[in-house]
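Take a look at the model below. We will walk through one part of it, then turn to another.

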Amino acid sequence: MLNWLRWLPENVSTYGADVDAIIALIWYTTVVWLFLTFGAIGLFLVLYRRRAGRPAAYVKGERLGEALWVLVPVAVVLVLDLWLDFSGAPVWAKVKIERPAAALSIQVTGKQFTWEMLYPGPDGRFGTADDRLFLDELHVPVNRAIRVVLRSKDVVHSFFLPNFRLKQDMVPGREIEGWFQATKPGKYELPCAQLCGFGHSGMKAYLYVHPQDEYDRWIREQWS
Amino acid sequence: MIAHVEIPGLPAGIAPGKVAVWWFLASEIMVFGGLIATYIVFRLGGSGWAEASHHLNVTLATVNTLVLLTSSYTVVQAFVAAERRDARAVRGHLALTILGGFIFLGLKAVEYTTEIRAGFTPGTGIFWSFYYMMTGLHALHVIGGIVVNGAVLATEGVSVRHPHRVELAGLYWHFVDVVWIFLFPLLYLA
Amino acid sequence: MTTATAEHLRHSVWTTYVFSTDHKTIAKQYLAQGLFWIVVGGLLAGAMRWQLAWPDTKVPLLGEIGPEVYNMLVTMHGTIMVFFVAMPILLGAFGNFLIPLMIGARDMVFPRLNMLSVWTFALASLVMLASFFVPGGAASAGWTGYPPVSAKPVYTGVTWGINLWILGLALEFASFLMGGVNYLTTAIVLRAPGMTLARVPLVVWQQLTAAALFLLSVGPLIAGAVMLLMDRTLGTGFFSPELGGDPLLWQHLFWFFGHPEVYVVLLPALGFVLEVLPVFSRKPIFGYRWIIGATVVAAALSFIVWAHHMFISGMDPRLAMPFSVTTILISVPFAYLIFAMIATLWRGSIRFDVPMLWALGFLTMFIGGGLTGIFNGSAPADIYLSGTYFIVAHFHYTLFSTVFFGGFAGVYYWFPKMFGRVLHGGLGHAHFWLTLVFFNVTFFPMHHLGLAGMVRRIANPLQYDALVPHQWINVLATYGTLCLLAAQIPFAINILWSWLAGAPAANNPWNATTLEWAAPSPPPHLNWGARVPTVHRGAYEYSVPGEPLDWLSQDSAPPARTETGSPR
Amino acid sequence: MTTGKPHPNYTAIWLWLMGLMGLGVAASFLPGGRTLAVVVVFAVACVKAVLVAANFMHLRFEPALIYALVLIPLLFLVVLAAALLPDFVWHSVSR
């Protein structure tokens, strides 16, 4: 129960490891603070519980000498927090801002309670005759950067791949891009992570990551 | 039997009513300020707002601005009269202020009907949504102001016992006027 | 001057109990409504947990819950607990009861406005209650009510439910606007002679900061609520993209209010704990002025952190870093507050009465909540954690510990003063330990569900392959919830029995220094007899060296001989 | 009861407000680029607002607490507007 990191689902994406590293960093920092504060409280409660003939100390904590006992830990909290924050900045930029050139672009449109995956087809352009639409299933090759163009037809949905540590809301009226690169073939769940109506519970698709040859065969089958 | 109950003196210079009204106005500034900030940001990000605003009747709105500014003037005169404890003058000025409020609402109603008959309803577009929302909320506050001024007219207008109440009603009325001072250029002139 | 005294002359049942302008009676009216709603909110939570543990089985009293009903339970549980339990009890009941008594005033500066605020809140409660019984059921778009789900009735099938939900919240905002104006003006204007700002007790400072926070942050959301109501009824397009609107606008306006709102709920409870810790450690609070400074700084910062709720909401990703930094900055004043509370225990003479147990419960559980907040404050970690049960666990460790542990510290501490009766200690201890245990049994494992990827607001976790192996946690949390609800029974018995037949309470059962303990229990009309007390000391003069008693009431005689640390 | 503070010349203030309103309306008919007209119009509006607040609402004579109650909300509104810009003005693609 205590080692939280073991509860994260298996990571199969390139930047997933970075996100896990940030979560682990914060986990270790907070565990240290938890033991420090709970330890101090426990110690004080035992040491300074009421004992006859021993009055409390008249410490107002407003003289600098006394206040330092608290201001120093606060300064440490500030420094640690800023360090955690700035060590997280590059990971945020990698996932959300710097999107690499993608081998394959897929248009994912959320609508009340199903996922529409639009493939551009061999000509590589959307809106042409050879586009193909799949419902609730996304097929991608392994070890290739995949770009997903997220849209919504009605309400706010959220594209969530737990195994890839990727989540991005899909806002109607906007076209938001996300990217991921799988490191291991397999079938991964894709739940909707934003309340989108009575069908929100159970609104999920599956992401099928194929080895390259299996993926090419699948493409040929669909477009033959 | 209530023994002599001593209420501690007030710190110099701050009447409780005024502190309360200014706190209330601070929260009202956040309501209209939030609305105006959203309007400005949406207008900067959107297109076609200037064209839509050309359908509005600028002359009617200019008269409305004149009416509200003048009613601000009369409500201040009402407070000056209240300080002189001249109930009749308070009554007169407050009545003028309330009249100004009704004229404003009347012109607004005329404006709304002509626009709706011309087919510009709140659902026509984002500009019209903002237009009806901002002027509608402002009109509700004008109605609120008329009710407050009416209440003060009914009490202080008869015999001036709490002149500061006239000032507090005036403070609220001036706030409603200041909001219109910003709504007028935002919707009609820009 | 104010004609407050004239009104109080008429004594009839109506003006004494129902339409009373006495701040103490109004406090009890807020407390009564808050306690009613806490039962409703708790039962809704029980029904939710039952559905999560044993999906699609018959929930007692409600029968089988479909996804629509589950969304309604989620929405109303959140709305009720935040707006109709936390606000009325922490801000309404205790703010009204404590502020006049602790600053030595006879009543609020505007008694009639105070009465109007509690009756507006009653109207808001009525509207919210009615929304359960309108066709289509109550609101089901989440307590945050994100459009377009909440903007078009067709998306949720709920028409009047959400309209009344918006109206109920608008009335609740109006009620607390009036209350806040009353609190701030009373504290600025009606302090007793000698009650300088540096001698005002911390709970009053926290209540005032909370009131100011609410007044200044609710504005944009009122505008947003009117927009949402117009979108739903007049067909305007503020939140519908096809008419030029944008759903993100609501999220910005809501969270601009949302984050200060959670501090509006936190600060009063923090104030109760800051009052209780010194009394039961017989030691001055550590760093009185610094705590006020930290509270004000945190209140100011709370206006520039809101977008950490929106890191992955489609907001511009470049905005995430600045808001992540401001979120980090706001954890610093709260770190100071936590450490100052721990430092207050150092070299104290600690007694483990029931209020102290709850205060320590708050301190420990809130530290847990604060620490998990660092996970969510970091943008990259939030990519994964946002919208999962990790967030649910986080805000229960902060909000639940605030309302329950902080709130009960206040209830058990001030009950003798409010009702003139003593609460039963044994039942109090049982209530605390049961609540502490089952709170952790219920909410600690939710961190693991969140880490495993369970998303929020789903009615049936078994529909997700990844969650099937973890279903035992949902069952455990449900047993925890049912036991947690049962753990409140000792409190209900205690409060009813003691209110009617409890032992009469002394004026100062805890030997505390603040002014309310100088008045009788319960204080009569106009609080103080002939003369308002004159204050000579700070609020936390415990264990002053060279004094016979280990406490000196704020209005006790000024120090005859010159003292080394002469109290200002 | 209320402090006998000196009263500004209300009639003069009223005349100024009338004049400024006329200027604002006239400015809106300025030919050429809209930006000049917009700047003038809003400058006039701000001056009118300050005139009403300072004189009619007696802000000039009030203690610092009242000033704070006006300036603090304005500060928060600027922060809110600034944070809304990236999403609604520079956002990427929007149908």
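Start with a pair of strands in chain A. Strand β9(A) pairs with β10(A), residues 204-210, in the antiparallel sense. Six bridges join the two. Pick out one position along this pair: A:Glu189 stands opposite A:Tyr206 of β10(A). Keep in mind that this is a predicted model.

Now widen the view. The two strands belong to an open sheet of three strands in chain A, in the order β4-β10-β9. Its pairing is mixed. Which strands form the edges of this sheet? They are β4(A), residues 137-141, and β9(A), residues 186-191. Each of these edge strands pairs on one side only. From one strand to the next, the twist averages 25 degrees.

A helix joins the picture here. Helix α3 of chain A covers residues 212-223. It lies across β4(A) and β10(A). Its direction makes an angle of about 130 degrees with β4(A).

Next, move to chain B. How many helices and how many strands does chain B have? It has six helices and zero strands. Reading along the sequence gives the pattern α-α-α-α-α-α. The C-alpha trace of chain B spans about 70 × 30 × 25 Å along its principal axes.

Finally, consider how the residues of chain B are placed. Chain B has 190 residues, and 52% of them are buried. Then look at its contacts with a separation of 6 or more. Of these, 80% are between residues 24 or more positions apart.

Key. Residues numbered from 1 in each chain as written. Chains lettered and ligands numbered in written order. Predicted model: local features only at pLDDT ≥ 70, side-chain atom pairs only at ≥ 80, totals over all residues. Helix = DSSP H or I, 4+ residues; strand = E, 2+ residues; numbered from the N terminus. Buried ≥ 20, exposed ≤ 12 C-beta atoms within 10 Å, placed from the backbone. Contact = placed C-beta atoms within 7 Å. Pairing = 2+ DSSP bridges. Axes fitted to C-alpha atoms, helices over the stretch in contact; angles between N-to-C directions.
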